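Please report on the structure shown below.

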Amino acid sequence: MSARVLVVGGGVIGAASAYFLAARHGVRAVVFERDPTYRHASSALSASSIRQQFSTEVNIRLSQASLSFYRRIGDDLAVDGERPDIALTERGYLFLASPAGLDALRANHAVQRTCGVNVSLLEPAALQARLPWLNVEGVAAGSLGEGGEGWFDGYSVLQAFRRKATALGATFESAAVERIACDANRSAHVYCADGRRFEGDALLIAAGAWSAPLAAQLGFALPVRARKRDVFVLASPAELPGCPLVIDPGGVWFRPEGRGFIAGCPPRGDDIDDAPLEAIDHGLFEDVIWPALARRVPAFDALRVTGAWAGYYEYNTFDQNGIVGRVPGCANAFIGCGFSGHGIQQAPAVGQALAELIALGRYDTLDLVPLAPQRIIEARALRERNVI
Ligand SMILES: Cc1cc2nc3c(=O)[nH]c(=O)nc-3n(C[C@H](O)[C@H](O)[C@H](O)COP(=O)(O)OP(=O)(O)OC[C@H]3O[C@@H](n4cnc5c(N)ncnc54)[C@H](O)[C@@H]3O)c2cc1C
């Protein structure tokens, strides 16, 4: 293997990039991960769902390419005959719109159809006929994915990328990175808290919600913050045949998980930075989620909360989209973060694209120029309307 890429952060973005660098370009990555148990990593705390119902073409293309990868992950990431199983369940997303949200739903639908997404815009009566357990009161229309959307086991995806990347020559160092630098001679440097120093040909910042302080060391003000999101685990005897991931007009979402369900919604009030993950907002369930669920699905009347967890969105405060590409002003430093709740579904396509940019100097399969960090410096926002 020729070049060496130093990757800071061994979550799904770092691990996928390391895999594609080795598998497609023969480039060896050294991945630095400060916590190999991934206790606080977003990739381990994700709801791990995948959709094509976005409002921007680049997000749709990223999820389409990633879905294709997830469908064949057992082949591509097998190691010594052991095929990873990520329990991909393709059951669709259902976005419900109130009369006030109908125009936006229609506009999104038009973009999605242009990109070949198999999605149906359904009137309340048609929705009711398809999903008899759903109360369509207050709903003007619903957008139902007919294929290519669902959920999977995100932690298994992370481990599969890590294992396969390692089998192909990448190394994962258990170390916290304190300082990074790139110099004019195109060499990159990583300084670890344990005193070790590494040199490589390029550097990739893939530190999720913790990427901004690293980018600042390269002179780039990255607008990514750690924003807590709570997920509630629910037990219910309700039978909801064909239940997709449902997003209520107010932002409450739920989907089947095992024999029960999980649910969540955006936080109430200010979306503050770095809120402690232990501080689950149980009032959010009582005051916001439960009333929405009870109204939308009458069969949820006997539902109970059996658990909850929280993780950080690596939240892009500028335009809620991934920030992928070369760090402005640095020839050999790259970044992949800021996905604001849709990073694990896009990780395969993002990892593949970053590997191309680093190894070839250009995108080959998917053009991610619209997600370039440069757009932040030029104040050109690429807004995604469908952020959950
Ligand atoms: C509750 C919740 C629900 C979600 N639901 C979905 C969903 O349904 N679909 C979807 O697509 N996405 C979802 N996401 C988002 C998705 O999980 C993330 O976008 C994705 O996991 C980000 O991966 P990452 O590798 O960038 O970050 P991470 O997984 O956080 O990895 C970054 C790693 O960098 C390490 N690190 C940080 N700083 C340093 C340092 N200085 N030195 C060494 N290591 C360092 C960290 O320890 C961490 O392991 C959800 C997220 C949450 C929290």
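The report below takes these topics in turn.

## Basis of the model

This is a predicted model, in which local features need pLDDT of at least 70 and side-chain atom pairs count only at pLDDT 80 or more, while totals for chains, interfaces and linings use all residues. Residues are numbered from 1 along each chain as its sequence is written, and side-chain values use heavy atoms, with hydrogens and water left out.

Helices (H or I, at least four residues) and strands (E, at least two) are DSSP runs, numbered from the N terminus.

## Packing of α1 and α9

Helix α1 covers residues 12–25 and helix α9 residues 343–360. Their axes come within 7 Å and cross at roughly 45°. That makes α1 oblique to α9. Axes are lines fitted to C-alpha atoms, for helices over the stretch in contact, and angles run from 0 to 180 degrees between N-to-C directions. Angles under 35 degrees count as roughly parallel, over 145 as roughly antiparallel, 65 to 115 as roughly perpendicular, and the rest as oblique.

The crossing of α1 past α9 is right-handed (the near helix is turned clockwise from the far one by less than a right angle). Residues of this contact divide into 14 nonpolar, five polar and two charged. Here Ala, Val, Leu, Ile, Met, Phe, Trp, Tyr, Cys and Pro count as nonpolar, Asp, Glu, Lys and Arg as charged, and the others, Gly among them, as polar.

## Salt bridges

The structure holds 20 salt bridges (a side-chain nitrogen of Lys or Arg within 4 Å of a carboxyl oxygen of Asp or Glu). One of them joins Glu 146 to Arg 130, with the closest N and O atoms 2.8 Å apart. This pair links distant parts of the chain, 16 residues apart. Glu 146 sits in the loop between β6 (141–145) and β7 (150–151), and Arg 130 in helix α5 (residues 124–130). Glu 146 is partly exposed at 31% relative accessibility, and Arg 130 is partly exposed at 42%. Buried means under 20% relative accessible area, exposed over 50%, and partly exposed in between (1.4 Å probe, protein chains only).

Arg 196 and Glu 173 also meet in a salt bridge, at 2.8 Å from N to O. They lie 23 residues apart, Arg 196 in the loop between β10 (188–192) and β11 (197–200), Glu 173 in strand β8 (residues 171–174). Arg 196 is partly exposed, at 30%.

## A charged network

Asp 271 and Arg 229 form a salt bridge of 2.8 Å, N to O. The pair is 42 residues apart: Asp 271 is in the loop between β16 (260–264) and α8 (282–296), Arg 229 in strand β13 (residues 224–235). Asp 271 is partly exposed at 22%, whereas Arg 229 is buried at 12%. Arg 227, Arg 229, Asp 271 and Asp 273 are linked in a network of salt bridges.

## Other sites

Thr 56 lies in the loop between β3 (49–50) and α2 (57–71). It is buried, at 9%. Its side chain makes a polar contact with the side chain of Glu 384, at 2.7 Å. A polar contact is a pair of N or O atoms within 3.5 Å; within protein, one must be able to donate a hydrogen and the other to accept it, and residues adjacent in sequence count only if both atoms are side-chain atoms.

Val 5 is in strand β1 (residues 4–8) and is buried, at 1%. Val 5 and Ala 359 are 354 residues apart in sequence, yet 9.4 Å apart in space, C-alpha to C-alpha.
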